[in-house]
Amino acid sequence: MHAAAVQQVIDELGRLPGIGPKSAQRLAFHLMKLPTEDTARLTAAIDEMKARVRFCDRCFNVSESELCTMCADDRRDATLLCVVEEPRDIVAVERTGGFRGRYHVLGGAISPIEGIGPDQLRVRELMARLEPEGVVEVILATNPTVEGDGTALYISNLLGEMPVQITKLARGITTGSILEYTNKEILADAISGRRDY
């Protein structure tokens with residue numbers, strides 16, 4: 001139906017999360033209308049991101065160096081460790097301005113349907129950080145979904161014998177919602193109202 005080059009762009013855009021076939025088609029035709037210098041800037045920015053950005057060696061947040069800005073910041077409270085599913089969840093928590101600890105990014109949530117088990121997540125790396133970094137509280141800030149709650153339960157069971165306090169976000173956040181899209185005031189209340197797991 002479309003020229004092969006256009007269809008290829010539609011197909012590639014359609015592989016992005018949250019982009020269905022119609023959105024992919026609209027985006028492809030929008031890109032086609034743009035001046036060449038605009039599309040060149042976009043592809044250069046993507047290439048630059050892929051070349052420079054990596055995962056932090058400590059927490060697995062996105063970074064341009066061995067440690068992300070939060071891990072490199074000595075003013076942050078290293079005894080508080082907030083465990084999240086993805087780097088974008090850090091952005092959501094940071095928007096609240098109410099958390100000054102450090103983070104650990106799991107890289108997803110346990111989902112047997114999708115073939116994701118604990119071994120595909122950064123759980124071992126989390127466990128290895130606790131004692132050397134002097135962590136006294138682990139905040140399980142996984143998304144309030146079946147997968148997120150299951151992941152939090154799995155981690156809390158692993159931490160059960162360790163000398164750390166295990167807390168989770170208060171349930172001001174609706175079950176089934178995603179942290180990235182949660183109102184910052186609600187998320188701030190959930191962080192300050194966290195409780196033992």
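Aspartate 38 and arginine 41 join their side chains in a salt bridge, 2.7 Å from N to O. A salt bridge here is a side-chain nitrogen of Lys or Arg within 4 Å of a carboxyl oxygen of Asp or Glu. The model is predicted: local features need pLDDT of at least 70, side-chain atom pairs count only at pLDDT 80 or more, and totals for chains, interfaces and linings use all residues. Residues are numbered from 1 along each chain as its sequence is written, and side-chain values use heavy atoms, with hydrogens and water left out.

Helices (H or I, at least four residues) and strands (E, at least two) are DSSP runs, numbered from the N terminus. Aspartate 38 is partly exposed at 24% relative accessibility, while arginine 41 is exposed at 54%. The cut-offs are under 20% relative accessible area for buried, over 50% for exposed, and partly exposed in between (1.4 Å probe, protein chains only).

Other salt bridges link separate parts of the chain. Glutamate 94 meets arginine 76 at 2.6 Å, N to O. Glutamate 94 belongs to helix H5 (residues 87-96) and arginine 76 to the loop between helix H4 (69-72) and strand E3 (77-84), so the pair ties together parts 18 residues apart in sequence. Arginine 76 is buried, at 5%. Glutamate 180 and arginine 88 also form a salt bridge, at 3.0 Å, N to O. Here the loop between strand E6 (165-168) and H8 is tied to helix H5, so the parts joined are 92 residues apart in sequence. Shared partners join Glu48, Arg52 and Glu64 into one salt-bridge network. The whole structure holds 12 salt bridges.

Now the open space. A pocket is an open set of points on a 1 Å grid over the protein atoms alone, where a 1.4 Å probe fits, with protein on both sides within 12 Å along at least five of seven lines; lining residues have an atom within 4 Å of a point. Volume is the space filled by probe spheres set on the points, which are joined across faces, edges and corners. The largest pocket has about 430 Å³. Helix H1 (4-14) and helix H3 (36-52) each give two or more residues to its lining. H3 gives the most, with 6 residues. Among the lining residues is Asp47, which is exposed at 53%.

The second largest pocket has about 250 Å³. Its lining counts 13 residues, with Glu85, Gly108, Ala109, Asn143 and Glu147 nearest its centre.
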